[in-house]
Amino acid sequence: MQTIKQAAVVGGGVIGAGWVARLIENGINVSIYDPDPTAPQKIDAVLANSRHAYSKLTMAPRRTEGQFSFAKDIASAVKAADWIVEAVPERLDLKQKIYREIEGAAPHSAIIASSTSGILPTDLQAGLQHPERLLVAHPFNPVYLLPLVELVGGKQTSADTVQRAQAFYRSIGMHPLHIKKEIEAFIADRLLEAVWRESLWLVSDGIASTEDVDDAIRYGFGLRWAQMGLFETYRIAGGEAGMRHFMEQFGPCLSWPWTKLTDVPEFNDQLVDLIAGQSDAQSGHYSIRQLERIRDNNLIAILQALKAHDWGAGKALAVYEKSQYDAAASQAQTAVDYSQPIKTVERTVPTDWTDYNNHMNESRYLQVSSDATDAFMRLIGVDAAYVEAGGSYFTVETHIRHLDEVRALEPIVVTTQVLNGSGKKLHLFNRIQHADGRLLATAEHMLIHVSLKTRSSSLPSEAIAQKLAEIAQAQAHLPKPDGAGRAIGA
Ligand code: NAD
């Protein structure tokens, strides 16, 4: 797979800024063009949200953030780009004009990915010199958190472009859904539009308020949709007899006079005032920034819950985390100097790891140190396959010294020193530090190797014993760390 290092984002509004956030989170440098002088401020606000979100979303090692800069015109933004994201307003003539400018300056091999919510890619690519490299990659807001991206090729889009796009979006944690027949508005927005239309009727006819409609979704079927979608949910509703029974039972209702799905209420000032007024009453006491944070925190919790059940969007998060761990492990294999304490964690402090003083909570010191121990385990080969085969280490004793305070979103680093790695024992000393090296805490752990079959202590595999011996020998010259072997120092 081609590794994308440099991207361009043309149009830095709601969606463009979300793309910038996801791209730099994945170590890709981004050049942005947007004629609006307030675009940098808007992008900063989205980046503040995305950094907050990623610091909570995953404990996996994160890549070093890519850099972003603002270009003076489209040509300078795209001239060195491998991947070009178009996220300008939804007008065919504007998008086509922008593609002409892009083609005048971008490398021929660069993919052009339009964020359009509904325009056909065949129409977008008409007039391009290299139409085969354009496709629609339709994301969902917030782009940095929601994994879905609908991929739609036009008549002239090449199969290679679609394949490259699938691999690329997977590599940045997304779930590419390839829509094989192009239709306006693709899949998700068609579904949403049906619900939106019916909701407008319900409010317009005075049957429900905007809050009633939202409650009808979020207290009930919205929860089902987030994890099983529509058809799988209805299959269950059909009971043992499944989908066939469900369709026989409920299919005829579609012709009952319940629905106005094909009509649209007149979109006049009265309707807009009604909806906007109710929405103000419902949510006006929150700022948009507060609502974004609430939304992001809820989405993160849902994604993490789904990940724990290896289901739906949680699978995309699990795959992404595995790739982050693999990348960190392969980097570790090649670059680690075993003669010094080994860097096992590098991250920022998530905003919800802090207490009312905005300092990292006591329990998180243990969590960080335990993440460092996990990273050390992966380094020596105690990975998912080893655990599957029946071996692991259990922690039997821990001693933590809290030496300094650290605030939300500050970077921290943990290094791990092996004090003893022979036989069944593994004695580790983790130093938790600020990025500038000042010591925050030390955590000393004694672990014992166990057989997961007998649940009692056992020797590690030959390969693990050897790797541990190699590291312990390389670190044997290090002085005993200050604080090692300490109990509570009264
Ligand atoms: P937006 O209005 O928030 O942002 C558009 C940005 O494009 C603005 O910052 C504007 O200054 C900039 N722009 C205008 N002319 C430009 C030019 N000539 N060159 C470069 N930049 C220019 O709109 P948005 O919601 O981010 O939508 C962008 C695209 O993404 C649209 O095609 C839309 O259909 C699609 N989309 C939107 C959503 C959504 O929820 N908002 C979701 C998925 C896809």
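## Ligand contacts

In this predicted model, an oxygen atom of the ligand lies 2.6 Å from an N or O atom in the side chain of Asp 34, a polar contact in the sense of a pair of N or O atoms within 3.5 Å, where within protein one must be able to donate a hydrogen and the other to accept it, and residues adjacent in sequence count only if both atoms are side-chain atoms. The side chain of Glu 90 likewise places an N or O atom 2.6 Å from an oxygen atom of the ligand, and a polar backbone atom of Val 88 is 3.3 Å from an oxygen atom of the ligand. Of the 830 Å² of accessible area that the ligand has on its own, the protein covers 75%; accessible areas come from the Shrake-Rupley method with a 1.4 Å probe, and for residues only the protein chains shown count as cover.

There are 23 residues around the ligand, and those that come nearest are Ile 15, Asp 34, Glu 90, Lys 95 and Ser 117, a residue being near a molecule or strand if one of its heavy atoms lies within 4 Å of it. The shell divides into 11 nonpolar, 8 polar and 4 charged residues, with Ala, Val, Leu, Ile, Met, Phe, Trp, Tyr, Cys and Pro counted as nonpolar, Asp, Glu, Lys and Arg as charged, and the others, Gly among them, as polar. Two or more shell residues come from each of the elements α1 (14-25) and α4 (92-105), and α4 gives the largest share, 3 residues; helices (H or I, at least four residues) and strands (E, at least two) are DSSP runs, numbered from the N terminus.

## Basis of the model

Residues are numbered from 1 along each chain as its sequence is written, and side-chain values use heavy atoms, with hydrogens and water left out. Since this is a predicted model, local features need pLDDT of at least 70 and side-chain atom pairs count only at pLDDT 80 or more, whereas totals for chains, interfaces and linings use all residues.

## The chain as a whole

The chain has 16 helices and 14 strands, and its C-alpha atoms fill a box of roughly 75 × 60 × 45 Å, taken along the principal axes. Of its 490 residues, 42% are buried, where buried means under 20% relative accessible area, exposed over 50%, and partly exposed in between (1.4 Å probe, protein chains only). The accessible surface of the chain comes to about 25400 Å², of which carbon and sulfur atoms hold 56%. Among contacts (heavy atoms within 4.5 Å) between residues at least 6 apart in sequence, 72% join residues at least 24 apart.

## Helix α10

The buried residues of helix α10 (residues 242-250) are Gly 242, Met 243 and Phe 246. Seen down the axis of α10, these buried residues fall within an arc of 105°, so they line one face of the helix; the arc is that of the directions from the helix axis to the C-beta atoms. The face of α10 turned away from this buried side carries the exposed residues Arg 244, Met 247 and Glu 248, while the cover over the buried residues includes α9 (231-237).

## Buried positions in helices

Ser 50 belongs to helix α2 (residues 39-57) and is buried, with a relative accessible area of 3%. Leaving aside neighbours within four places in sequence, Ser 50 is in contact with Ala 21 and Tyr 144.

Ile 471, in helix α16 (residues 462-474), is buried at a relative accessible area of 0%. Not counting residues up to four places away in sequence, Ile 471 touches Tyr 338, Ile 342, Phe 376, Leu 379, Ile 380 and Val 418.

## A loop glycine and a strand histidine

Gly 154 sits in the loop between β7 (148-153) and α6 (159-171) and is buried, with a relative accessible area of 11%. Apart from neighbours within four places in sequence, Gly 154 is in contact with Pro 121, Thr 122, Gln 125 and Glu 182, and its C-alpha atom is separated by 9.4 Å from that of Ala 126, 28 residues apart along the chain.

His 434 is placed in strand β12 (residues 425-434) and counts as buried at 5% relative accessibility. The side chains of His 434 and Asp 404 are joined by a polar contact of 3.0 Å. Leaving aside neighbours within four places in sequence, the residues in contact with His 434 are Asp 404, Glu 405, Val 406, Glu 410, Pro 411 and Leu 440.
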